[in-house]
Amino acid sequence: IKLPDIANYNNNKLITGSGKLIDKEKKQVGEVPITIYWFYVKACGGIIATLLLILCFIWIAVSWVLETYGLGLWMDSLQSGNSYTRIKSLAVYIIFSISVLLSAFISSLLEAILSLRAAQKIHDNMTRKVVLAPCSWFDTTPLGRIINRFSQDISTVDKEIMNNLSEFLNCALGTIQIISVIGWTIPLLLIPLFPIMLFTSWITYQYLQLSRDLKRLESISKSPVFVLFSETVQGLPIIRAFKQQERFYYTCAERVDNMNRCHLYLWLCNRWLNFRMQNLGALVAGCVGLGVVFSAGNIDNTTAGLALIYSLSFTENLTFLARTHANVQMNLNSIERIQEYTAVKSEKYHTKESNDNKSDTDDEIPSTIVPTTSVVPSNWPSLGNIQFVDINVKYPSSTNYILNKVNFNVPNGKKVGIVGRTGAGKSTLISSLFRTVEPESGAIMIDGVNILNIPLHSLRSRVAIVPQEPILFQGSIRSNLDPFSTSVDEDLWNVLKSVHLSEYVASMPGGTGGEYGPLDDKLIAEKGSNLSVGQRQLLCMARALLRKAPILVLDECTANVDHETDSLIQDTVRNELTNITVLCIAHRLHTIAFYDLVLVMDKGSVAEYDSPLKLMQDDKSIFYSMCMNSGDFDNLYNIAKAAS
Ligand SMILES: Nc1ncnc2c1ncn2[C@@H]1O[C@H](COP(=O)(O)OP(=O)(O)OP(=O)(O)O)[C@@H](O)[C@H]1O
Ligand SMILES: [Mg+2]
């Protein structure tokens, strides 16, 4: 069956030239490797728990045969035996019936416990690995794909895999049971059964090859649907503005068709198998019937009945065996896909050295973040001195260095404005300070500690940032400002005042008591959509101020705020953050004209680094021309002069 390249349906247009933006979604091929079974066995609780479950299944299979045999004995004794043999055979029948019940109960219980444990462990492992994945991984993996694994694949692990495995085991044992019963009652029948079994194996093999691959195609054909769905919802206003609803509708329909095509073929495959198995079953039942007729007089009624009953269930059993085997292989595909995500390399939460020495298995994922005091003193950084030494940075998808031998030193408590053209590398500079992108070489020293060697959590919990894109969560003002509830309401109101947002927050619906009242009922919608972009930035700024970190980084944090509020906030920076080192990226030069130092970035390097006044006095400097181009040179010069 020729199917389109479903895996890259969404990405063909994105993969151009030598630079690769989105990684191709992998589709496994061939047999499910033994490591996948081992992965699941380990998640279930190990080899002993699994063996115990298999023993329970064997117990069920043996009990079934003995129960049927006991029934036959009892029937026989009703016709010919005395009362003693009748009671004896009834007792045997009852004992084996109880054994069937007991074994079924215990195995079901064990099955439930193991499957729950496995599902939980596998989900937790994948979640932890995805949460700890570096930002570059999210750049190359579309959200829809991640959602697909967390919904479709996890649901398969939750509901299907243990069921499939136990059904397969039951069917396999059932087949052995039937062949043993037939072989025991009429041994000669094993001769015709042998080629039939060989033929059955060949059919099963054919079915397995195709259905397994179809299932894998079906799994990856869902990702493009998820990806399109999330993109469409996010870009709805744009799609409507350009009247492209129809195009998106048809693209979606096409992708859904692709997804369903795999599903349809899967069902056709099942019909193919069913037809052949029914014929083979009839052949087996016919052979056993003939065998019984020809051995009349040599075998008793009970044994003949037993052979006939089991041969009739042979077809059903064989069909189920093939189908459950295929189901196991198909659904283990979800484990393959999940295992791929549990192998994603985590961000370096440990120190660089210790992390590099570790192999990347799921066992050593830190379940809690490494205690910060283990590597750096608890009062670090007390001063706020920052030093970049020969920093080189490259994104995984870029070919050139985005930061090229960056060197500069920020003395304690100084306010540094970072300027430069769009794409000069300002945000990348900040990203490397937080190690959301790991520098390839060089060192970043904060108060004498090279931050490239300390646990990430220590670093990120001690430096505050207001990013270029404000991020707010659905919840209350309080949960957004102080997610770990470490501050009292009064502190929250104080920072809201500092960013000139207290009046607005007091007027928001919910809560009582006006200013200084509780902030739990003042609600924020998803992504802060009930606030203006400027207000979102101010709220992020308040969140950063609340941390009282000795280093504060502002990336275009007032870009969407009016001039007046911007200058009020800059007053706060100047007057209230006297001992705090501030790095502020700004396109609006008024914002940073009064700062102690200005760092001009140009094509990934530090082009100029001096006080704003000195740079403005040098008519050859880039900063000078930037100020001239702003059309407000005199005003900027006066601000810089007054501040110096
Ligand atoms: N995640 C990423 N993957 C690959 N390249 C990136 C990534 N982020 C940024 N870049 C590239 O790095 C360069 C610097 O980007 P950066 O965001 O640091 O610029 P910037 O100076 O902050 O610009 P702006 O003033 O517009 O915010 C750009 O050429 C950009 O294409
Ligand atoms: Mg930027």
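Isoleucine 465 stands opposite valine 553 in strand E9. This is a predicted model, in which local features need pLDDT of at least 70, side-chain atom pairs count only at pLDDT 80 or more, and totals for chains, interfaces and linings use all residues. Residues are numbered from 1 along each chain as its sequence is written, chains are lettered from A and ligands numbered from 1 in written order, and side-chain values use heavy atoms, leaving out hydrogens and water.

**Strand E9 and its partners**

- Strands (E, at least two residues) and helices (H or I, at least four) are DSSP runs, numbered from the N terminus.
- Strand E6 (residues 463–466) pairs with E9 in the parallel sense over 4 bridges; pairing asks for at least two DSSP bridges between two strands.
- E9 also pairs with strand E10 (residues 581–585), in the parallel sense over 5 bridges, and there leucine 583 is the bridge partner of valine 553.

**Cover of E9**

- In E9 (residues 551–555), 5 of 5 residues are buried, meaning under 20% relative accessible area with a 1.4 Å probe and protein chains only.
- Ile551, Val553 and Asp555 point one way, while Leu552 and Leu554 point the other way.

**Around ligand 1**

- Helix H13 (residues 426–434) gives the largest share of the shell around ligand 1, with 3 residues.
- A polar side-chain atom of aspartate 139 lies 3.0 Å from a nitrogen atom of ligand 1; a polar contact is a pair of N or O atoms within 3.5 Å.
- A polar backbone atom of glycine 425 is 3.0 Å from an oxygen atom of ligand 1.

Key. Buried means under 20% relative accessible area, exposed over 50%, partly exposed in between (1.4 Å probe, protein chains only). A polar contact is a pair of N or O atoms within 3.5 Å; within protein, one must be able to donate a hydrogen and the other to accept it, and residues adjacent in sequence count only if both atoms are side-chain atoms.
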